[in-house]
Amino acid sequence: MGKGSSGPTPPADPVPLAFVFRSRSKDDKAPAAKAPVAESASAPRDPEAPKGRPTPKRAVAQSQRRSVMNTPTTRKEAAKRSREERRANMEKQRQALASGDERYLPPRDKGPVRKYARDFVDSRFCVAEFFLPMAVLILVLSLVRVAQLQNIALLLWLVVIVLIVLDSIVTGFRLKKRLNERFPDEHKKGAVAYALMRSLQMRRLRLPKPQVKRGERP
C-alpha cells in the first residue's frame, strides 16, 4: 500500500433488494398498461360505430347513388330519356282521360271548375250531341234525286242548326250562373266555351269519360 492510504477501503453500501424488485415491477407494468391504448388506436374502426356527424339513412343514400347513376352522360342518352318520359306521361294522360283521374289530366281539363263544367254537360241531354248522326241523315236525304226529300233535308238542316244554337245559349247561361254561385273566387275564364265544345260530342266519345249519369245533379 502507498503512503497516502490510511487503511482498507470500506465496501459500498449494498442496494436494497426490495427497491430493485419494486422498480422493475413498475417499469414492466408501464408498457403493459400503455399497450391496450396503442392497440386500440391502431385497430380499424368498426363501420357500425357512431361517428362525429349523423349518418344518412340507407334509403336516402341509395336514392342519391341511383340519381347519380341514372343521370344521362351524352346527348343521345338525354334524348332517349326525354322520349321515354314523354311516352310515360302520355300513357298516364290516356289512362286519366278514361278514368277521370285529376292528377294526370291535361292542363285544359284540370281543376274543379272544368270538372263541374263536364259534369253539368254530361248530366243532361244536349241537342248538339246528336248533330253528327242527324248530319249524316240529312246528307243521305240530300243525295236522293227526289225534290221533296231534298226540301225536307234542307228544312231539317235549318231546324237542327236553330235548336243547337238555342240549346247552347240556354246551357251556357245556366252553367255560368252555377259556376258563379259555386266558385265565386275561382278562375272561370273559358269554362263555358269548354262545356259547349264538349256538348258537341256524342256522350260515348267524350274525353275525359263522363263521371255522372243523365239526370244526376252534379
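A residue counts as buried when its relative accessible area is under 20%, as exposed when over 50% and as partly exposed in between, with a 1.4 Å probe and protein chains only. By that criterion, buried residues make up 19% of the 218 residues in the protein. The model is predicted, with local features needing pLDDT of at least 70 and side-chain atom pairs counting only at pLDDT 80 or more, whereas totals for chains, interfaces and linings use all residues. Residues are numbered from 1 along each chain as its sequence is written, and side-chain values use heavy atoms, with hydrogens and water left out.

**Overall architecture**
- The protein has seven helices and zero strands, taken as DSSP runs (H or I, at least four residues, for helices; E, at least two, for strands) numbered from the N terminus.
- Of the contacts (heavy atoms within 4.5 Å) with a separation of 6 or more, 63% are accounted for by residues 24 or more positions apart.

**Surface**
- The accessible surface, from the Shrake-Rupley method with a 1.4 Å probe, comes to about 17,300 Å², of which 61% belongs to carbon and sulfur atoms.

**Packing of H4 and H6**
- The axes of helix H4 (residues 112-122) and helix H6 (residues 147-182) come within 11 Å and cross at roughly 140°, where axes are lines fitted to C-alpha atoms over the stretch in contact and angles run from 0 to 180 degrees between N-to-C directions.
- H4 and H6 are therefore oblique to each other, since angles under 35 degrees count as roughly parallel, over 145 as roughly antiparallel, 65 to 115 as roughly perpendicular and the rest as oblique.
- On the H4 side the contact is made by Val-113, Tyr-116, Ala-117 and Phe-120, and on the H6 side by Thr-171, Arg-174, Leu-175, Arg-178, Leu-179 and Arg-182.
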